[in-house]
Amino acid sequence: MKRGLTEQAKQLKAKASHTVVEQFEKQYDHSMSLFDKVDHSMAYQTALLYIKETEHNSSEPISCRAGCGFCCHQTVFVSPTEYENIKDHLVANDIKLDQAHLQAQRDDISNGVYHKLKVLDRRCVFLGDNSSCTIYEARPIMCRRHHVYSEPEHCASGSTSEMRFDVSPRTEGHLSAYFAYYQAAPFQDYLLATPEVLK
Ligand code: SF4
C-alpha cells in the first residue's frame with residue numbers, strides 16, 4: 001500500500017512538472033512574439049528620454065559627478081548596438097584597455113564570482129585613472145539610468161548603507177523590451193570576442 005502511494009505521487013509529480021514546463025514554454029513563445037512587435041529603437045530612445053526627464057525634473061539634486069565611480073565596479077550589460085558605438089569610440093579616441101584585467105573579469109563573470117572580487121579588481125575597464133569614464137559619450141544605458149541622491153562622500157568610501165540611489169522611473173519596461181530582444185551581454189564578452197579593438 002505504502003509503495004503504491006509513493007509510485008502514485010511520483011507519477012503526479014512527473015505529470016505536474018510536464019504541465020508547468022509546457023505552460024512556461026507557451027508563455028515564453030507568447031512573450032517573444034510580443035517583443036517582435038515592439039519598435040526596439042523607439043523603446044531605447046524613449047528610455048533615454050525618461051532618463052533625461054529624471055535628471056531635469058528630479059525634486060532632489062543628483063550627486064553623480066566625474067570622479068565618484070562607485071557604480072563603475074559592477075557588471076555592466078550592453079546591447080550589440082551599444083557595443084558598436086563603444087567600439088567606434090575606442091578606435092576614434094585610441095583608447096587602450098588592460099587586457100589581463102578584462103580577461104580576469106570575464107572569467108569571474110562566467111564563474112559567477114564577480115561580486116566576490118576585491119573592489120579594485122571589479123573596476124570597469126573603461127574607468128580612467130581619475131575615476132572618470134573614458135567612454136562617457138558612448139557609455140551604455142545601464143550606466144545612465146542610476147542616479148545617486150546621497151552625499152558623494154558615501155560613494156567614494158563605498159559605504160552602501162549610507163547611499164541613496166534609484167534608477168530612472170519609467171525606463172524599466174522599455175529597457176526590458178530592448179534588452180530582452182537584443183540579448184544584452186557583459187562588456188567583457190563583446191570586447192574579448194573582437195580583440196582587434198584592444199590592440
Ligand atoms: S562604462 Fe563608464 S560609466 Fe559605465 S561602468 Fe564603465 S566607467 Fe562607469
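Helices (H or I, at least four residues) and strands (E, at least two) are DSSP runs, numbered from the N terminus. This is a predicted model: local features need pLDDT of at least 70, side-chain atom pairs count only at pLDDT 80 or more, and totals for chains, interfaces and linings use all residues. Residue numbers run from 1 along each chain as its sequence is written.

**Overall fold**

The chain has nine helices and four strands. Along the sequence they follow the pattern α-α-β-α-α-α-α-β-α-β-α-β-α. Two residues are in contact if their C-beta atoms, placed from the backbone, lie within 7 Å. Take the contacts between residues at least 6 apart in sequence: 78% of them join residues at least 24 apart.

Burial is judged by counting other C-beta atoms, placed from the backbone, within 10 Å of a residue's own: 20 or more is buried, 12 or fewer is exposed, and anything in between is partly exposed. Buried residues account for 17% of the 199 residues in the chain.

**Nonpolar cores**

A nonpolar core is a set of buried Ala, Val, Leu, Ile, Met, Phe, Trp, Tyr and Cys residues joined through C-beta atoms within 7 Å. The largest has 12 residues: Val-78, Tyr-83, Ile-86, Leu-90, Cys-124, Val-125, Phe-126, Ile-135, Ala-138, Ala-184, Phe-187 and Leu-191. Two or more residues come from each of α3 and α9 (187-193). Helix α3 gives the most, with three residues. Apart from this core lies another, of six residues, among them Ala-43, Tyr-44, Ile-51 and Met-142. In soluble globular proteins, nonpolar side chains tend to be buried together.

**Two residues of α3**

Ile-86 is found in helix α3. It counts as buried because it has 21 C-beta neighbours inside 10 Å. Leaving out residues up to four places away in sequence, Ile-86 touches Val-78, Ile-135 and Ala-138. Its C-alpha atom is separated by 8.2 Å from that of Pro-140, 54 residues apart along the chain.

Asp-88 also lies in helix α3. Asp-88 has 12 C-beta neighbours inside 10 Å, so it counts as exposed. The C-alpha atoms of Asp-88 and Val-197 are separated by 8.9 Å, although the two are 109 residues apart along the chain.

**Ligand shell**

A residue is near a molecule if its C-beta atom, placed from the backbone, lies within 6 Å of it. By that rule the ligand is surrounded by Cys-72, Val-76, Cys-124, Phe-126, Leu-127, Cys-133, Ile-135, Arg-139 and Cys-143. The shell has eight nonpolar, no polar and one charged residues. Here Ala, Val, Leu, Ile, Met, Phe, Trp, Tyr, Cys and Pro count as nonpolar, Asp, Glu, Lys and Arg as charged, and the others, Gly among them, as polar. Cys-124 touches Cys-72, His-73 and Val-76, not counting residues up to four places away in sequence.

Most residues other than glycine have a negative phi.

Just after α4, Gly-112 takes a positive phi of about 75°. The expected span of a helix is 1.5 Å times one less than its number of residues. Helix α4 has 13 residues, so it should span 18 Å, and its end C-alpha atoms are 18 Å apart, which agrees.
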